[in-house]
Amino acid sequence: MIIAGPCSVENEAQILATAHALAQIPEVKMLRGGIWKPRTRPEAFEGRGEEGLKWLCEAKRQTGLPIATEVATPGHVKLALKYKVDALWIGARTVVNPFSVQQLADALQGTDIPVFIKNPVSPDLNLWIGAFERFQKAGLTRLSAVHRGFSYYKESPYRNFPMWEIPIELTQHLNVPLITDVSHICGNRELLQVTAQKALDLATDGLMIECHINPAEALTDAQQQITPEALKELLSHLTFRSKQAGGVEGELAGLRGEIDDIDAELLQLLARRMEVSSRIGEYKKQNNVAVVQMDRWKQILSDHIAVGGSLGLDQELINVVFEAIHQASICRQSAILDDDKNQ
Ligand code: PEP
Ligand code: MN
């Protein structure tokens, strides 16, 4: 499922030309176009409003492509429903605000229009899940998630850092299709191809890609939009993956068996490690030694990172795994010392 179209509907000629070119690409199943644009600064182009909606409808009439637009207020919802827009999306800046999400859910009660819910700008899984719950409670059943990346305080090649684990975790909580908005993740054209492939490798259900007939002249997000021609090229280089792993016979089943065995070993080792940690806890209790010994811990972690590196393991992986193990150890030992106080 590819949803493509301009960041903003700017004028009738722009949306019609873009739509006609996109309609020639069989994978494109829906035309997107922003009518009301949430902008960081008030002087920026804020969308054409109702007039733009008429042009978007005309593009649908001429090409047959279903249309989608962003709604952020009940007033937007009213107009989008009046013009029979086929699907709506809730923007990342709106999803952060439960009052706004509730107002939108209330405004849509009694309809069952497809709604794409973007992740909130902040990496807050519960806030994203909460937005789904508000629409579900209002009776909407055709909900999908759109992963568009997250604001990030460190320097990064992305406009919005992907944090792929968050959308994956979302789909473990909610049984909804996941679309990856690679344009807003990347913020540039150069990273689109690899990011789209990465999304497909992680079993996304579709892509949202901003396309403009003349990206250089776009009034919003000019750096990240591509021409329909470039979209065609990009799609032709993607490998689409099957979501199903296929039969349980054969090579994949064998490899999965190996993983299961290794995981079982890891669990045994973890249990043994915790057991030794408990004995250290007992020792610390008897000898009045503090649980956290930061110097020793820093030494262990840097040794593990060095050894892990020589085994081809990522530093981040070692950090995350051993920090979690260390935290569990501290909890176990604190409980042992606490026991002492309670007696
Ligand atoms: C958009 O899709 O044009 C948009 C504004 O997206 P987001 O809410 O993800 O920033
Ligand atoms: Mn945009």
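A polar contact is a pair of N or O atoms within 3.5 Å. That cut-off is needed for the ligand contacts described below, in what is a predicted model.

The fold comes before the ligand. Eight strands form a closed barrel, in the order β1-β2-β3-β4-β5-β6-β7-β8, and their pairing is parallel. On average, neighbouring strands of this sheet are turned by 25° against each other, with direction ignored. One of these pairings can be followed in detail: β1, residues 2–5, and β2, residues 28–32, run in the parallel sense and are joined over 3 bridges. Within this pair, A4 stands opposite L31 of β2.

R32 belongs to the residue range of β2 and also to the surroundings of ligand 1.

For R93, an N or O atom of the side chain is 3.1 Å from an oxygen atom of ligand 1, so the pair falls within the 3.5 Å limit and counts as a polar contact. The side chain of R32 places an N or O atom 2.7 Å from a ligand oxygen. For R148, the distance from a polar side-chain atom to an oxygen of ligand 1 is 2.6 Å. Taken alone, ligand 1 exposes 300 Å², of which the protein buries 97%. The space that ligand 1 takes up is the second largest pocket.

How values were computed. Residues numbered from 1 in each chain as written. Chains lettered and ligands numbered in written order. Predicted model: local features only at pLDDT ≥ 70, side-chain atom pairs only at ≥ 80, totals over all residues. Heavy atoms only, no water. Pairing = 2+ DSSP bridges. Helix = DSSP H or I, 4+ residues; strand = E, 2+ residues; numbered from the N terminus. Axes fitted to C-alpha atoms, helices over the stretch in contact; angles between N-to-C directions. Near = heavy atom within 4 Å. Polar contact = N/O pair within 3.5 Å; in protein donor to acceptor, adjacent residues only side chain to side chain. Areas by Shrake-Rupley, 256 points an atom, 1.4 Å probe, with all protein chains shown as cover. 1 Å grid on protein atoms, 1.4 Å probe; cavity = no way out; pocket = protein on both sides within 12 Å on 5 of 7 lines; lining within 4 Å. Sits in = over half its atoms within 2 Å of the grid points.
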